[in-house]
Amino acid sequence: MKIFIKIVKVVFTILLFAFSIVIIYFIALAPKEKRFKIAEHSQGAYLSQTMFDILKFQYPNYSDAYFEQSVAFNKRGEYAKGFELLDKAVQLDPKLHLGYRGWMKLRKLRDFENSLSDFNRLDSLTPNFVDTPWGEDIDFLRGECYFGKKDYQKAIELFNRNIKNQKEDWTDIHSFVYLGLCEYELGYYKKAISEFQRALNQTKNVPESYFGMAKAYLKLGQIEKAKENILKAENSIYYKRNDVYNEFLNEIYLSEILEFKQILN
Amino acid sequence: MLLSFLLAITLAIWVYYQITYNIGDIAFDKNIDNSEFIVCNEDRITQYYSVGANYQGGEKTIKKELNELINSLNFNESGLITYRFIVNCKSNAGRFRVKMVNSDLKENSFKSNNIKQIQESIKNLNGWKAGEWKNESLDSYYVLNFKIQNGKIKDIF
């Protein structure tokens with residue numbers, strides 16, 4: 001009986017130590033890429049943050065750890081901490097992280113000036129290469145920055161450059177929508193309509209184009225055309241450009257369309 | 001065996017704590033939070049982007065509805081005032097926390113009277129829409145930024 005109890009004690013001791021070793025291994029000793037993945041997938045949890053802290057302590061030049069740790073802070077509106085981490089990632093590997101930081105400054109902070117500065121610096125580091133920060137053409141993003149700054153002439157130049165980079169049939173249709181919006185702001189309503197139409201040549205479901213055209217036709221005094229387009233905008237609103245995280249600069253809403261429709265009637 | 005047991009139990013409790021709690025969680029604080037604002041499930045408050053919590057008509061509409069406030073408030077510095085709060089399953093906003101940064105994204109503070117006025121205005125907005133998952137309304141955290149430039153609120157997003 002005594003031997004049996006001893007065996008049970010030894011087995012439990014081994015099992016409990018094994019449990020502890022497994023936890024310590026996955027948190028502090030496994031290959032850094034494996035731990036990065038675990039921490040990335042539990043984004044925002046204290047465990048994730050602790051694992052990134054350990055990774056940064058063990059590999060002070062691991063820029064991805066700083067970058068990924070920043071994401072949860074920025075998503076929660078804790079920008080002082082988030083950008084402190086992101087700045088460190090950029091400092092360690094500018095080519096890899098400048099695009100994301102510029103993208104974040106544009107979409108999360110609407111800090112157009114500093115976003116442009118990041119995109120321009122990235123561009124200068126990668127000559128003869130069209131960068132795609134966070135999957136979007138750098139000139140499209142720079143166009144959005146100028147649109148945000150209300151520098152519509154410069155925005156037109158960048159959106160056109162984006163269309164040239166990507167080719168007419170492959171570019172983001174919102175390049176055309178933005179071109180239409182810029183021409184509208186500059187008072188060139190006929191040109192605005194033709195730019196909105198370029199988006200509709202790619203697909204019929206662009207409510208932003210119909211809405212923009214309705215406004216431009218109203219300015220030109222063509223009420224019937226304006227009514228026709230506002231109806232199309234209403235019917236295609238399901239396809240509008242939106243994002244779960246932030247409102248886009250050219251985002252439209254059904255309520256605005258309905259308000260405009262009432263003005264026309 | 002006692003040593004291995006203590007080590008394992010300590011690690012298990014620590015891991016449980018580390019997995020359960022998230023950065024940015026807002027626990028009820030009786031000193032600053034309104035006790036009439038109730039969440040449906042204290043253990044399951046998600047992020048707005050996971051369940052689609054939003055303001056009807058978007059931030060554009062908030063800007064319109066707060067137009068009077070935007071024009072009346074003056075600030076001495078530029079930067080961002082960021083409110084993080086809960087939109088509960090009944091589509092009400094509460095349990096506000098605020099973070100402030102200057103134009104260089106370093107921690108900062110703005111006039112406390114202005115901060116309170118904006119907070120009250122957000123609370124009084126009536127277009128909040130609770131997030132949903134599988135036809136169930138859920139509580140979620142929302143983030144709303146006020147961009148301050150040249151002494152005025154320049155943008156809300």
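**Close-up views of a predicted model**

View 1. B:Tyr48 is part of helix α2 of chain B, which covers residues 48-51. The model shown here and in the other views is predicted. Is B:Tyr48 buried or exposed? B:Tyr48 has 22 other C-beta atoms within 10 Å, and a residue counts as buried if that number is 20 or more, so B:Tyr48 is buried. Leaving out residues up to four places away in sequence, B:Tyr48 touches B:Ala53, B:Val87, B:Gly131, B:Ser140, B:Tyr141 and B:Tyr142. One of these, B:Gly131, lies 83 residues from B:Tyr48 along the chain, yet the C-alpha atoms of the two are separated by 6.6 Å.

**View 2. Surroundings of A:Tyr189.** A:Tyr189 belongs to helix α11 of chain A, residues 189-202. There are 20 other C-beta atoms within 10 Å of A:Tyr189, so A:Tyr189 is buried. Which residues does A:Tyr189 contact, once its neighbours within four places in sequence are left aside? They are A:Tyr184, A:Ala216, A:Lys219 and A:Leu220. A:Ala216 is 27 residues from A:Tyr189 along the chain, and a distance of 5.2 Å separates their C-alpha atoms.

**View 3. Helices α7 and α8 of chain A.** In chain A, helix α7 (residues 112-125) packs against helix α8 (residues 138-148) at an angle of about 155°, and the two axes are 9 Å apart. Because an angle over 145 degrees counts as roughly antiparallel, α7(A) is roughly antiparallel to α8(A). The crossing of α7(A) and α8(A) is left-handed. From α7(A), the residues that meet α8(A) are A:Phe112, A:Ser115, A:Leu116, A:Phe119 and A:Asp123. From α8(A), the residues that take part are A:Ile138, A:Leu141, A:Arg142, A:Cys145 and A:Gly148. Sorted by class, this contact has 6 nonpolar, 2 polar and 2 charged residues.

**View 4. Two loop residues of chain A with positive phi.** A:Asn128 sits in the loop between α7 and α8 of chain A. Its phi is near 60°, a positive value in a residue other than glycine. A:Asn128 counts as exposed, with 4 C-beta neighbours inside 10 Å. A:Lys150 is found in the loop between α8 and α9 (152-166) of chain A. Phi of A:Lys150 is near 65°, which is again positive in a residue other than glycine. With 11 other C-beta atoms within 10 Å, A:Lys150 is exposed.

**View 5. Where chain A touches chain B.** In this contact, 32 residues of chain A meet 34 residues of chain B. On the side of chain A that touches chain B, at least two residues come from each of α1 (2-29), α3 (46-58), α4 (63-75) and α5 (79-92). Which helix of chain A supplies the largest share of that side? α1(A) does, with 8 residues. By class, the residues of this side of chain A are 17 nonpolar, 8 polar and 7 charged.

View 6. Chain A has 14 helices and 0 strands. The radius of gyration of chain A is 26 Å, well over the 18 Å that the globule rule gives for 265 residues, so chain A is more spread out than a compact globule. Along the principal axes, the C-alpha atoms of chain A fill a box of roughly 100 × 45 × 35 Å. Of its 265 residues, 39% count as buried. Among contacts in chain A between residues at least 6 apart in sequence, 46% join residues at least 24 apart.

Methods:
Residues are numbered from 1 along each chain as its sequence is written. Chains are lettered from A and ligands numbered from 1 in the order in which they are written. This is a predicted model: local features need pLDDT of at least 70, side-chain atom pairs count only at pLDDT 80 or more; totals for chains, interfaces and linings use all residues. Two residues are in contact if their C-beta atoms, placed from the backbone, lie within 7 Å. Helices (H or I, at least four residues) and strands (E, at least two) are DSSP runs, numbered from the N terminus. Ala, Val, Leu, Ile, Met, Phe, Trp, Tyr, Cys and Pro count as nonpolar, Asp, Glu, Lys and Arg as charged, and the others, Gly among them, as polar. The radius of gyration is taken over C-alpha atoms; the globule rule is 2.2 Å times the number of residues to the power 0.38. A residue is buried if 20 or more other C-beta atoms lie within 10 Å of its own, exposed if 12 or fewer, and partly exposed in between; C-beta atoms are placed from the backbone. Axes are lines fitted to C-alpha atoms, for helices over the stretch in contact, and angles run from 0 to 180 degrees between N-to-C directions. Angles under 35 degrees count as roughly parallel, over 145 as roughly antiparallel, 65 to 115 as roughly perpendicular and the rest as oblique. A crossing is left-handed if the near helix is turned anticlockwise from the far one by less than a right angle, and right-handed if clockwise.
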